[in-house]
Amino acid sequence: MSEDTAAPAPAGEPTGRATTRITVAGERPYDVLVGRGLLGELPGLLGDGVRKVLVVHPRALRTTGEAVQEDLRAAGYEALVAEVPDDEDAKSAQVAAFCWGVLGQASFTRSDAVVAVGGGTVTDLAGFVAATWLRGVKVVHVPTTLLAMVDAAVGGKTGINTAEGKNLVGAFHPPAGVLCDLAVLESLPVHDLLAGMAEVVKTGFIADPVILERIEADPQAVRDPASPVVRELVERAVAVKADVVGRDLRDLGDREVLNYGHTLGHAIELVERFAWRHGAAVSVGMVFAAELAALAGRLDEAVVERHRSVLGSLGLPLTYRGDRWSQLLQAMGRDKKTRGDLLRFVVLDDVARPTRLEGPDPQLLAAAYASISRD
Ligand SMILES: NC(=O)c1ccc[n+]([C@@H]2O[C@H](COP(=O)([O-])OP(=O)(O)OC[C@H]3O[C@@H](n4cnc5c(N)ncnc54)[C@H](O)[C@@H]3O)[C@@H](O)[C@H]2O)c1
Ligand SMILES: O=C(O)C(=O)C[C@@H](O)[C@H](O)[C@H](O)COP(=O)(O)O
Ligand SMILES: [Zn+2]
């Protein structure tokens, strides 16, 4: 992680700190910038040779999307916008086809680019559109939710949902750069900020316990997007993600740890027909994974309780409906970590010691579920 002064925070900004630059290694390394007032950095991340840019934004962020379009036009680009539905409705084959139509009508070539302005649903969709248009054009992400800054915009996993489940269609397509402008978090509803904190907590449990200590020290401070602790948490979580995806872009081994809590989490999202925020479902999924590891004799009960206390202090859910177990089991069978009939879970041996649990006994699974289920 390094600091630079390329885009100093405008006068009056609360932190007054320079921009932090976290480089993600890989075939084409790229930078994640964290700071305030970063939009001027967009042309630098787009790089040379780009003439046309499609700005993809959700309905709720029309003003922001159009402002980015205007900035790009002022910088000499031919900029278009594609407005997509809010929330998970953006991640569908129909919406991807709509974006391909816009790119086709405007004759986008391989040297042109896509810019995603939005939460994780929009970075996933726009990344997938960029991965598939002409078999791959540049994408730059401008994440506008905490979750997208710390997780979805970094690492090149892109995708859409199908009727059968989350992210079942997608591609690995790393961005050319990521701009995390913390000022945009100030309009984010607090429940969305806290949903993003679930993925921050995830990186704490799998790799960086200081994240957990910061939240435990002052759970109220993390509800204020202008607080220095939120910036530190963003930087720490991005650093964990950058390290993991820099070693294993294609999810062939190490990267699976980023799926902690997601086996049950994704199943809950499907059963809830995507009415739950991703982060909320992952919160329950992490408590489940912790209970499973404890029942398997791998994790101390104290660490299980630490899951409940950290996630609970953020107002995140810890339980789910007892009457949905068979539906959840069926959905978990389609998780990407499953091999044949063998369910596989990321579990912890301890904090920052992630491992895998393969093919757990069905009775163990049911017992772990009983410990998180409610009427
Ligand atoms: N590709 C990955 O590695 C990865 C990682 C984690 C999550 N994800 C995906 O990310 C998605 C969840 O992302 P999310 O939680 O950001 O949800 P989201 O994209 O649905 O955004 C949440 C809501 O906030 C609104 N919003 C966004 N920015 C705002 C702002 N600055 N001010 C006010 N409102 C704003 C959006 O319109 C939406 O209604 C899921 O589909 C999940 O699967 C992907
Ligand atoms: O980047 C990853 O790898 C992750 O698993 C991060 C998760 O937070 C994210 O939700 C991801 O989209 C899940 O991927 P999937 O492969 O289970 O669909
Ligand atoms: Zn996730």
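I started with ligand 2 and listed the residues around it: Asp151, Gly155, Lys157, Lys166, Asn167, Glu199, Asp251, Arg255, Leu258, Asn259, His262 and Lys336. Here "around" means a C-beta atom, placed from the backbone, within 6 Å of the molecule.

Ground rules before going on. This is a predicted model, where local features need pLDDT of at least 70 and side-chain atom pairs count only at pLDDT 80 or more, while totals for chains, interfaces and linings use all residues. Residues are numbered from 1 along each chain as its sequence is written, and chains are lettered from A and ligands numbered from 1 in the order in which they are written.

**Ligand 2, continued.** I sorted its shell by class and got one nonpolar, four polar and seven charged residues. For the classes, Ala, Val, Leu, Ile, Met, Phe, Trp, Tyr, Cys and Pro are nonpolar, Asp, Glu, Lys and Arg are charged, and the others, Gly among them, are polar. Domain 1 (2-188) and domain 2 (254-374) each give this shell at least three residues; the domain bounds come from an automatic or database assignment.

**Ligand 1.** I found 32 residues around ligand 1, with Gly119, Gly120, Thr144, Thr145 and Ala152 coming nearest. Its shell splits into 10 nonpolar, 11 polar and 11 charged residues. Helix H4 (120-132), helix H5 (146-152), strand S9 (165-172), helix H6 (190-206) and helix H10 (278-295) supply at least two shell residues each. Helices (H or I, at least four residues) and strands (E, at least two) are DSSP runs, numbered from the N terminus. Ligand 1 lies between domain 1 (2-188) and domain 2 (254-374), because both give residues to its shell.

**Record check.** UniProt, in an unreviewed entry, puts "binding site" at Thr144, Thr145, Lys157 and Lys166. Its positions are in the numbering used here, feature names are shortened, and annotations may be inferred rather than shown by experiment.

I looked up two of these. Thr144 sits in the loop between strand S7 (138-143) and H5 and counts as buried, with 29 C-beta neighbours inside 10 Å. (Buried is 20 or more other C-beta atoms within 10 Å, exposed 12 or fewer, partly exposed in between, with C-beta atoms placed from the backbone.) Beyond four places in sequence, Thr144 touches Leu61, Thr64, Val117, Gly118, Gly119 and Val184; contact means C-beta atoms, placed from the backbone, within 7 Å.

Lys166 is in strand S9 and is buried too, with 25 other C-beta atoms within 10 Å. Setting aside neighbours within four places, its contacts are Asn161, His266, Glu269 and Leu270.

Most residues other than glycine have a negative phi. Arg273, which follows H9, has a positive one near 50 degrees. It lies in the loop between H9 and H10 and counts as exposed, with 8 C-beta neighbours inside 10 Å. Ala352 has a positive phi near 70 degrees, sits in the loop between S12 and strand S13 (353-358), and is partly exposed, with 15 other C-beta atoms within 10 Å.

**Overall.** I noted 13 helices and 14 strands, with 50% of the 375 residues buried.

How values were computed
Two residues are in contact if their C-beta atoms, placed from the backbone, lie within 7 Å.
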